[in-house]
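Here is a short tour of some helices and the loops that join them. Please have the structure open while you read.

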Amino acid sequence: MPHWVTALRRGNWKSLFACFLYFDTGFTVWVMFGPLAPFIARQLALSPSESALLVAVPVLAAAIVRITFGNLFQCSDGRSLALLGIVLSAVPPLALLLPLTPTYSVLLVLGVFLGVGGASFAVALPMAGSAYPRDVQGLVLGLAAAGNIGAVLDGFLFPSLAQMFGWQRATAASLPLLVFAAAAVLLWAEDRSAKSGRTAPAVGGLVVSFAGLIILVLAVATGVPVPGRGGLLLLPVCGAALAIAVLPQRYRALLAERDTWVVMLVYSITFGGFVGMSSYVSLLLTLQYEMSKVQAGLVMALLAFTGAMVRPLGGLLADRLSGVKVLLVLLLAIALINLAFARGMPSLSGSITLLAALYVCFGLGNGATFQLVPQRWMGRTGIMTGLIGAAGGIGGFYLPVVMGLAKETTGSYQLGFGVFAVLASLALGLVAALHKRWLAWAAPSTVDISLDEPITE
């Protein structure tokens with residue numbers, strides 16, 4: 001029997017499954033506005049940049065809340081935190097059941113609540129990994145994070161329901177999924193990680209960052225204090241600064257480490273690309289190629305399915321070869337694919353082919369990146385999951401915003417793809433420069449293969 005199969009059987013597979021369901025349903029709610037955006041934009045007569053902000057706000061909210069969720073995970077039970085996240089994620093679909101047409105500002109506020117679903121990342125992954133040995137962390141975290149498949153449900157489910165019942169009522173389809181996830185977490189999830197720190201300040205930090213983000217989003221939408229595109233581009237910076245400010249000093253110190261920033265950049269490209277494109281691809285296909293809303297949702301679902309399914313494979317490859325080597329290949333491929341788009345928008349079939357290749361790279365890269373985290377930051381996996389996940393969310397925010405601005409100002413998406421080609425090339429250069437040092441702690445031969453030692457926080 002393969003070693004990794006034996007290792008998975010020695011861990012708590014029920015908890016792993018519950019964490020998968022929690023992340024899966026959280027992801028479904030998180031990117032809900034993506035496939036619904038064409039319906040919402042038409043009803044509210046939104047501009048391309050307004051539509052981009054609508055789908056980007058949940059992505060940004062998840063990035064910010066992940067930081068404070070990761071901090072809370074260090075000092076409180078992961079199962080209780082997961083249940084709190086599920087309850088907050090249910091607020092938007094419940095609110096949209098009211099017989100009122102929401103304003104754009106109301107939708108932006110609900111988008112912040114949707115972001116709590118994406119923040120499940122900072123709880124689901126370290127809770128799942130806490131019951132497994134170090135040498136299979138890439139596979140285990142990849143399986144837990146395959147909850148990215150929740151985006152597949154969005155593409156299949158919501159456009160068809162929106163066409164039949166209206167987009168507001170369509171959101172209610174997420175409620176049974178959230179109830180099912182809550183039951184699984186309550187019955188099966190187990191957090192074996194050690195805890196430290198005080199809960200009250202961590203809860204206060206969550207409240208402050210959440211409320212502050214709502215204020216920032218509404219301020220940017222109304223052009224206060226920085227009008228136009230400047231405020232839009234500064235929003236993630238201000239939100240991240242707020243979330244980091246409420247962290248304990250011992251966790252803020254992690255941001256002084258060079259490796260933290262490089263891994264955050266990599267994840268902003270791989271996971272940021274996955275979630276950002278999942279949020280925006282329906283708009284891209286309908287605006288660029290005049291594809292129907294339902295067809296665009298189906299394509300989005302298939303692309304998301306591809307990226308989600310290969311994520312565990314990325315973790316498994318990283319367990320065998322090291323995440324460093326895998327990322328060198330994937331970042332090169334991501335840069336080249338974005339460059340192909342930047343040189344000229346291809347035909348519809350060519351575009352879908354390139355997007356599918358891009359999603360494969362995103363999924364494999366996500367799994368490979370998080371194989372590195374328990375090796376480099378053992379004992380701090382919870383907060384690092386939050387910080388690195390936040391970077392992924394911020395990357396996911398900028399992707400639709402940059403695409404929307406590129407389309408609005410130049411009439412094409414080429415400039416947007418060019419920007420992301422440059423960023424992927426930068427990340428590739430940094431990983432290449434550091435790969436020998438990283439292999440000192442990330443090579444498979446350096447990992448303790450004991451099956452009896454759990455990962456603790």
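Predicted model: local features only at pLDDT ≥ 70, side-chain atom pairs only at ≥ 80, totals over all residues.

Residues are numbered from 1 along each chain as its sequence is written, and side-chain values use heavy atoms, with hydrogens and water left out.

**The pair α10 and α17**

- Helix α10 spans residues 150-165 and helix α17 spans residues 293-321; helices here are DSSP runs (H or I, at least four residues), numbered from the N terminus.
- Their axes come within 6 Å and cross at roughly 165 degrees; each axis is a line fitted to C-alpha atoms over the stretch in contact, and angles run from 0 to 180 degrees between N-to-C directions.
- The two helices are therefore roughly antiparallel to each other, a label for angles over 145 degrees.
- The crossing of α10 past α17 is left-handed, as the near helix is turned anticlockwise from the far one by less than a right angle.
- On the α10 side, the contact (heavy atoms within 4.5 Å) includes Ala151, Phe156 and Pro159, while the α17 residues include Val294, Leu298 and Phe305.
- By residue type, the contact divides into eleven nonpolar, four polar and two charged residues; Ala, Val, Leu, Ile, Met, Phe, Trp, Tyr, Cys and Pro count as nonpolar, Asp, Glu, Lys and Arg as charged, and the others, Gly among them, as polar.

**The bent helix α16**

- Helix α16 (residues 258-289) bends by about 45 degrees at tyrosine 280, where the bend is the angle between axes fitted to the seven residues ending there and the seven starting there.
- Most of α16 is covered, with 28 of its 32 residues buried; buried means under 20% relative accessible area, exposed over 50% and partly exposed in between (1.4 Å probe, protein chains only).

**Loop residues**

- With 71% relative accessibility, glutamate 290 counts as exposed.
- Serine 322 sits in the loop between α17 and α18 (323-343) and also has a positive phi, near 95 degrees.
- At 0% relative accessibility, serine 322 counts as buried.
- Serine 47 belongs to the loop between α3 (33-44) and α4 (48-73), and its 23% relative accessibility makes serine 47 partly exposed.
- The C-alpha atoms of serine 47 and glutamate 408 are separated by 8.4 Å, although these residues are 361 residues apart along the chain.

Terms used: Parallel < 35°, antiparallel > 145°, perpendicular 65-115°, else oblique.
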